[in-house]
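Could you walk me through this model in the viewer, one selection at a time? I would like to know what to click on next and what is there.

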Amino acid sequence: MKPILKDALKSHELTHLLQTWLESDNTKQTLEDFTPTELIQEANWILWTINVNDNFLLEDLKSDNPDERNFARREIKTIKAFIKKYEVTL
């Protein structure tokens, strides 16, 4: 497995998004078929959806449940770290 894909799969949200894409797009057979550019674009899309109030992570950030808030913070941190690590190499 490529290092960029391995790092992308550290995010539950990004993993779910990529698997959903695989199920609906018959041009890709496995997660290995995603290009680095596509992986970065999808990670950025997740952050964008949070900023426009259209993502479950935003709901979790506002939750009364501390476990949900912590999960959302970790997810966002993981996605931002992934983007920071790989976006400059593209």
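Is the crossing of H3 and H5 left-handed or right-handed? Select both helices and look: their crossing is left-handed, a term used when the near helix is turned anticlockwise from the far one by less than a right angle, with clockwise giving right-handed.

A word on what you have open. This is a predicted model, in which local features need pLDDT of at least 70 and side-chain atom pairs count only at pLDDT 80 or more, while totals for chains, interfaces and linings use all residues. Residues are numbered from 1 along each chain as its sequence is written, and side-chain values use heavy atoms, with hydrogens and water left out.

**The H3 and H5 pair**

Keep H3 (residues 36–51) and H5 (residues 66–87) selected: they pack at an angle of about 140°, with their axes 10 Å apart. Axes here are lines fitted to C-alpha atoms, for helices over the stretch in contact, and angles run from 0 to 180 degrees between N-to-C directions. That angle makes H3 oblique to H5; under 35 degrees would be roughly parallel, over 145 roughly antiparallel and 65 to 115 roughly perpendicular, with the rest oblique.

Now show side chains. On the H3 side of the contact (heavy atoms within 4.5 Å) you will find residues including Leu 39, Ala 43 and Leu 47, and on the H5 side residues including Ile 76, Phe 82 and Tyr 86. By class, this contact has 11 nonpolar, one polar and two charged residues. Nonpolar covers Ala, Val, Leu, Ile, Met, Phe, Trp, Tyr, Cys and Pro; charged covers Asp, Glu, Lys and Arg; the others, Gly among them, are polar.

**Asp 7**

Next, click on Asp 7 in helix H1 (residues 3–8). Asp 7 counts as buried because its relative accessibility is 12%, and buried means under 20% relative accessible area, with a 1.4 Å probe and protein chains only; over 50% is exposed, and in between is partly exposed. Not counting residues up to four places away in sequence, Asp 7 touches Phe 82, Lys 85 and Tyr 86.

**Thr 15**

Move on to Thr 15, in helix H2 (residues 12–24). Thr 15 has 14% relative accessibility, so it too is buried. Leaving aside neighbours within four places in sequence, Thr 15 is in contact with Ala 8 and Leu 9.

**Zooming out**

Finally, show the whole chain: five helices and zero strands, counted as DSSP runs (H or I of at least four residues for helices, E of at least two for strands) numbered from the N terminus. The C-alpha trace spans about 40 × 30 × 25 Å along its principal axes.
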